[in-house]
Amino acid sequence: MKTPYDVILKPVISERSMDNAADKKYTFKVAVDANKTEIKQAIEEIFDVEVKKVNVINMDGKLKRLGRTQGRRAAFKKAIVTLSPESKEIEFFQSL
C-alpha cells in the first residue's frame, strides 16, 4: 500500500502554477504509476482539503545534447488539482 507521500512527490512552482493558485488550482509532480483516485485521496489526506477535480498530464523528457552525444531527461507525471469552492486553500502555496 502506498502512502500519500509516495503518490505526491513535490509541488510545481512556476508562473503558470502560481497564477492558477488564485483559482484554487494547484500543480504537483506525482508518481508515474498514480491514478486520479489515488492523487485525490492523497491530496485530501495530506492537506485536509476537499478536491473537486484532478487533471493528469504525462510529460515526456526533453531531448538534450552535449556535443555529439544526446540523451533525454526523465519523463514524469504532473497533476493539476482543483479544490471545491467551499474548501480552504493550501497554505504552502499562499506563502510563496
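This is a guided walk through the structure above, from its overall layout to a few individual residues. The model is predicted, so local features need pLDDT of at least 70 and side-chain atom pairs count only at pLDDT 80 or more, while totals for chains, interfaces and linings use all residues. Residues are numbered from 1 along each chain as its sequence is written, and side-chain values use heavy atoms, with hydrogens and water left out.

Let us begin with the layout. The protein chain has four helices and six strands; helices (H or I, at least four residues) and strands (E, at least two) are DSSP runs, numbered from the N terminus. Read from the N terminus on, the order of elements is α-β-α-β-α-β-β-β-β-α. Taken along the principal axes, the C-alpha atoms fill a box of roughly 55 × 35 × 20 Å.

Next come the totals for the chain. Its accessible surface, from the Shrake-Rupley method with a 1.4 Å probe where, for residues, only the protein chains shown count as cover, comes to about 6800 Å². Carbon and sulfur atoms account for 49% of that surface. Of the 96 residues, 30% are buried; here buried means under 20% relative accessible area, exposed means over 50%, and partly exposed is in between (1.4 Å probe, protein chains only). A contact means heavy atoms within 4.5 Å. Among contacts between residues at least 6 apart in sequence, 61% join residues at least 24 apart.

Now to the charged side chains. A search of the whole structure finds three salt bridges, each being a side-chain nitrogen of Lys or Arg within 4 Å of a carboxyl oxygen of Asp or Glu. Lys2 takes part in a network of salt bridges with Asp33 and Glu38. In the Lys2–Asp33 bridge, the closest N and O atoms are 3.6 Å apart. That pair links distant parts of the chain, with Lys2 in the segment before α1 (4-7) and Asp33 in the loop between β2 (25-30) and α3 (36-47), 31 residues apart. In the bridge between Lys2 and Glu38, the closest N and O atoms are 3.4 Å apart. Glu38 lies in helix α3 and Lys2 in the segment before α1, so this pair ties together parts that are 36 residues apart in sequence.

Glu91 counts as partly exposed at 49% relative accessibility, and Lys88 counts as partly exposed at 40%.

The aromatic rings are the next stop. The structure holds four aromatic pairs; rings of Phe, Tyr and Trp (its six-membered ring) pair if their centres lie within 6.5 Å, and planes under 30 degrees apart count as stacked, over 60 as edge-to-face and the rest as tilted. Phe92 and Phe93 form an edge-to-face pair, 5.5 Å centre to centre with 90° between the planes. Phe93 counts as buried because its relative accessibility is 4%, while Phe92 counts as partly exposed at 40%.

With Ile13 and Leu96, Phe92 makes a nonpolar surface patch of about 300 Å². Patches are made of residues with over 30% relative accessible area and no salt bridge, with like charges joined within 9 Å and nonpolar side chains (Val, Leu, Ile, Met, Phe, Trp, Tyr) within 5 Å. Ile13 sits in the loop between β1 (8-11) and α2 and is partly exposed, with a relative accessible area of 47%.

Ser17, in helix α2 (residues 15-21), is buried, with a relative accessible area of 3%. Leaving aside neighbours within four places in sequence, Ser17 is in contact with Val12, Lys25 and Thr27. Thr82, in strand β6 (residues 76-83), is buried, with a relative accessible area of 11%. With neighbours within four places in sequence left aside, Thr82 is in contact with Lys24, Lys25, Val51, Lys52 and Lys53.
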